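Dear colleague,

Please find below the sequence and structure that I am handing over to you. A written account comes after them.

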Amino acid sequence: MNIAVHTQFETPCPKARKTDCQCGGTCRCGQSTFGSADMSDLRRYTQPAQIVAASADESLVAIAWSDGTTDRFHHGWLRENDPGPTSRHPHSRERIVPPLSIRDDVRPVAVGIAATGALSVTWAERDGGQTSLYDAGWLHAHSYSSRRQAPARPVQKADRPAPATARWDSLVRSQKSQRLWLDAYLAKGWSIVSGMPDEEGSAVALGELIGTIRSSNFGFSFDVKSKAEPISNAYTAGFLPLHTDLPHYEMPPGLQILHCLRNEAEGGESLLSDGIAVAELLRREEREVFDILTTVTVPYRFQDAESEYLARHTIIECDGNGDPVYINWSNSTMAPLDAHFDTMPALRAAIRRFVSLIDSPRFLIERKLTAGEALVFDNRRMLHGRAAFRPETGVRHLQGCYLDTSDVLSRYEVLKRRSEAAHSS
Ligand SMILES: O=C(O)CCC(=O)C(=O)O
Ligand SMILES: [Fe+2]
């Protein structure tokens, strides 16, 4: 097969399909947010290396980078990621090219490096005949031939991570503070926000700064205090062992806020433990326990007069790379275990080992909240609990709410995008 390889292309204006450019594809308007090609993507990709050579064979395009590394991309992958208006809607930026409209043996007639440094691929007439430009930074970020898929979220590894800290007034005032706070929170898994208003509804106000409140069977938000007729062990004065909230949902919430309005009773210290750090230790040192906790599902049930929830999860949940990413554990709402008869003793032993590790001094974090502080934590990573308290010695009142991490990550990415835009203009 004969595929022309050019090193320089006349580059069409990357804005040509955008309504704010009248140039018809020939100008040098330079309005693109990208260095070399508009990938129909609002995110900016830094360019760790330049493309120094591009070539193609029957099935793939090979790229050599200026840092000496190489990457390969299948023709079909490149074609389905064509950023042009016949492949992506120019306004929604979502893909419109259907998978089956791309021929199995789609192939370019020419590849090269555009004047701007982008990879240029001209498709055969029967495959549309257009030239697709791929921003070098975008290609580098999306490479799949040699680099391992990046973990969904980089987690700072420590047995007892220190909290990210922030002050309420600075979070309210400044998007930069929100971004720096979220950056630290996402790495460490938990945070203390101080200077919270002495008002009910403040947990929700904090949640709404960074995402969307998620209702649950406990309501839009909930009051944690010792109640006469508790619908949860959390609403007693008793010891609350380490747990994650809401494993009785198919998707438990990612972020939990507990705003401390009053904490005058004796006891009531908050407890935390990094379940992912424990899972990593089990993976390294006690593989049999890890394997059981990542493969055998446990049923969780919540019941009250108004609800009846049942869901099942493995106690340690892994991503596609086999890395532990979520914890689902609550002794309070664990339904009767129903593993296979022969598996039951090993499952129960594995649970006991997991609980003894999360409770151990190596991992256990203890901190008594004071009025005006909000405890914010990743409910799918950090297990939480509380020491018993004596209600006759004073009032203890927390108010809480949940968010999904997807909404928080979206907010974080937008804050990053805005900050990068401000720094580059
Ligand atoms: O009382 C506490 O500190 C924690 C209560 C709890 O686990 C919860 O509200 O989810
Ligand atoms: Fe809880």
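The model is predicted, so local features need pLDDT of at least 70 and side-chain atom pairs count only at pLDDT 80 or more, whereas totals for chains, interfaces and linings use all residues. Residues are numbered from 1 along each chain as its sequence is written, chains are lettered from A and ligands numbered from 1 in the order in which they are written, and side-chain values use heavy atoms, with hydrogens and water left out.

**Overall chain**

The chain has nine helices and 24 strands (DSSP runs numbered from the N terminus: H or I of at least four residues for helices, E of at least two for strands). Of its 425 residues, 49% count as buried; buried means under 20% relative accessible area, exposed over 50%, and partly exposed in between, with a 1.4 Å probe and protein chains only. Among contacts between residues at least 6 apart in sequence, 72% join residues at least 24 apart, a contact being heavy atoms within 4.5 Å.

The distances are as follows:

- His384: 3.1 Å from a side-chain N or O atom to an oxygen atom of ligand 1
- Arg386: 2.9 Å from a side-chain N or O atom to an oxygen atom of ligand 1
- Arg396: 2.8 Å from a polar side-chain atom to an oxygen atom of ligand 1

**The four-stranded sheet**

Four strands, in the order β12-β22-β15-β20, form an open sheet with antiparallel pairing; two strands pair if DSSP finds at least two bridges between them. Its edge strands, β12 (240-243) and β20 (365-367), each pair on one side only. From one strand to the next, the twist averages 15 degrees. Three bridges join β15 (residues 270-274) to β20, and Leu271 stands opposite Glu366 in β20. Helix α6 (residues 275-285) lies across β15 and β22 (382-386), at about 40 degrees to β15 (axes are lines fitted to C-alpha atoms, for helices over the stretch in contact, and angles run from 0 to 180 degrees between N-to-C directions).

Ser270 belongs to β15 and is buried, with a relative accessible area of 7%. Beyond its neighbours within four places in sequence, Ser270 is in contact with residues including Glu366, Arg386 and Arg396.

**Strand β13**

Strand β13 (residues 255-263) is largely enclosed by the rest of the structure, because eight of its nine residues are buried. It pairs antiparallel with β21 (residues 374-378) over five bridges, where Leu255 has Asp378 as its bridge partner. Eight bridges join β13 to β24 (residues 396-403), also antiparallel, and Gln256 stands opposite Tyr402 there.

Yours sincerely

Conventions:
A polar contact is a pair of N or O atoms within 3.5 Å; within protein, one must be able to donate a hydrogen and the other to accept it, and residues adjacent in sequence count only if both atoms are side-chain atoms.
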